[in-house]
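The sequence and structure come first.

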Amino acid sequence: MSNHPLNVARSTLFWRRLFAIVFTSSSLLPNFGSEPARAQVTQYCQLSSTAAQEKENLRLSALKGKPDAQTRYQNILKKQAQELQECRTRTWPQVQAIWLRLYPCDIQPGIIDQIMDRIVNRGYNQVYLEVFYDGQALLPAKANPTVWPSVIRTPGSENADLLATAIQKGRQRGLKVYAWMFTTNFGYTYAQRRDREGAIARNGKGQTSLYVVDNGSQLFIDPYNLQAKRDYYQLVKEVLRRRPDGLLLDYVRYPRQAGSDSIATKVSDLWLFSPAIQEALFKRAQNYKGLDLIRRFLSKGFVSPGDIAEVDKLYPQEGEPLWQGRIPPSAQKSILSARDRQPLLQWELWQLAVAHAMQGILDFVTIASYPAKQQGITTGVVFFPDGNQTVGQGYDSRLQPWDRFPTTLQWHPMAYGNCGNVSCIVTQVQRVLSMAKPGTQIIPALAGKWGESVSNRPSLEAQMQALRQYAPQLKGVSHFAYSWQYPENDNDRKFCRSR
């Protein structure tokens with residue numbers, strides 16, 4: 001993440017102008033609640049260790065098939081679901097969510113129950129369950145018509161539906177379960193398909209994201225590619241068949257590159273070199289001069305005075321070069337020499353290229369969220385608060401135009417600022433609040449653990465108290481992630497180890 005200081009007002013104005021030009025198309029409170037906590041519920045709506053242990057004992061007894069244990073276990077789940085709901089209505093924030101990844105080992109009896117119980121114990125009332133990540137889908141192998149392999153590929157488990165099970169077990173405990181999905185990052189498995197090569201995003205150096213992102217597993221696609229759009233649309237529809245409470249779109253951007261490449265300053269830095277995105281860019285031309293200059297700019301990264309003079313000669317019947325959103329200079333300026341016109345034309349071509357790349361992301365969000373919209377299922381977009389920044393003459397290479405995301409969607413900014421205290425986290429959230437239209441539902445994601453700092457980040461209590469102080473209008477917060485809070489359990493489940 002970049003940490004460049006930014007004047008928010010100027011930045012907001014800049015982005016609005018860019019799109020208008022290019023396309024007209026302190027100490028912790030012991031309890032946040034206004035009432036004293038009930039006997040079993042401690043601060044932050046967390047269950048007391050006694051209540052949590054009593055429930056765990058019942059779960060284990062029920063798993064062993066002991067008489068009455070199953071009934072008593074179900075009764076305690078129902079009772080605690082009601083207590084959690086009551087506590088959250090009187091405790092800030094009303095929505096407290098956690099991010100969760102499941103593994104093939106989690107099909108073992110009782111495991112999902114244990115995970116969901118722990119989530120309730122910590123006072124959460126929503127779960128963001130990862131259903132598409134690293135090129136795998138959390139769908140049963142026998143009911144997976146998508147181009148991605150299923151997360152569970154264990155022989156004999158072809159019908160295991162962890163997504164449906166998690167939704168059912170979560171709701172049983174009063175939890176809302178959202179389906180959290182990678183979006184334009186289709187994963188390494190997609191790159192293995194020869195019939196999908198044209199859908200993969202490429203930069204002007206001939207690279208795909210597999211070669212520029214550290215872990216070599218992230219494969220970003222061309223958001224203008226029709227095949228990629230169809231593949232993703234089908235995946236979303238399959239996920240929504242399980243009727244989750246919401247849909248969360250993550251990785252709604254281009255790859256983040258390392259070092260100086262983290263700032264896009266020239267055309268070859270942009271992911272504009274696959275067929276569909278280029279074709280769509282050429283269609284933005286509104287006369288032959290405009291089209292010719294766009295092609296030259298894309299192939300060389302610049303246009304020279306010679307290019308401009310040549311284009312003038314090729315199409316003498318046309319006036320100024322035109323493309324969508326370009327307002328040509330007044331009549332007096334159009335008689336300027338090609339050399340005098342070159343700097344402005346080159347700058348405008350650069351702005352067109354950047355905005356065209358960003359528009360692909362916005363259009364992809366519209367398509368990805370459409371099935372959920374049709375079914376009345378809440379959709380949210382997950383983004384980096386600084387993913388849309390300008391840096392000097394360049395842009396953050398992720399080109400994540402989150403301030404243009406529809407305000408009908410929930411906004412989930414990843415406030416992962418890491419400066420040893422809460423200040424940078426608060427600054428990130430305040431930046432989002434300052435740029436969002438009134439009425440936008442904003443649910444910041446925080447990284448950390450309860451009761452201790454981790455990786456130079458303050459405890460979750462400290463982060464939440466700071467947000468409550470500086471942004472009391474927020475109604476929800478999420479925590480990344482279950483694996484941070486229960487690292488041993490996460491590892492055991494990853495490798496099917498039982499303790």
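Leaving aside neighbours within four places in sequence, Pro 255 is in contact (heavy atoms within 4.5 Å) with Ser 209, Val 212, Val 213, Phe 220, Trp 271, Ser 397 and Arg 398. The model is predicted: local features need pLDDT of at least 70, side-chain atom pairs count only at pLDDT 80 or more, and totals for chains, interfaces and linings use all residues. Residues are numbered from 1 along each chain as its sequence is written, and side-chain values use heavy atoms, with hydrogens and water left out.

Pro 255 sits in the loop between strand 5 (246–250) and strand 6 (263–264). Helices (H or I, at least four residues) and strands (E, at least two) are DSSP runs, numbered from the N terminus. With a relative accessible area of 1%, Pro 255 is buried; buried means under 20% relative accessible area, exposed over 50%, and partly exposed in between (1.4 Å probe, protein chains only). Ala 81 is 174 residues from Pro 255 in sequence and 40 Å from Pro 255 in space, C-alpha to C-alpha.

The structure holds three disulfides, a disulfide being a pair of cysteine sulfur atoms within 2.5 Å. Such a link is a covalent bond between the sulfur atoms of two cysteines.

| Disulfide | S to S distance |
|---|---|
| Cys 45 to Cys 87 | 2.1 Å |
| Cys 105 to Cys 496 | 2.0 Å |
| Cys 419 to Cys 424 | 2.2 Å |

Cys 45 lies in the loop between helix 1 (8–22) and helix 2 (49–63), and Cys 87 in helix 3 (residues 69–90), so this pair ties together parts that are 42 residues apart in sequence. The torsion about the S-S bond of Cys 45 and Cys 87 is about -90°, which makes the disulfide left-handed. Cys 45 is buried at 3% relative accessible area, and Cys 87 is buried at 4%.

The disulfide of Cys 105 and Cys 496 is left-handed, with a torsion of about -95° about the S-S bond. Cys 105 is in the loop between strand 1 (95–100) and helix 4 (111–121), while Cys 496 is in the segment after helix 16 (487–494), so the pair ties together parts that are 391 residues apart in sequence. Cys 105 is buried at 8% relative accessibility, whereas Cys 496 is partly exposed at 44%.

The link of Cys 419 and Cys 424 is left-handed, with -100° about the S-S bond. Cys 419 is partly exposed, at 36% relative accessible area, and Cys 424 is buried, at 17%.

With the bonded cysteines of the protein numbered in sequence order, the pairing reads 1-2, 3-6, 4-5.
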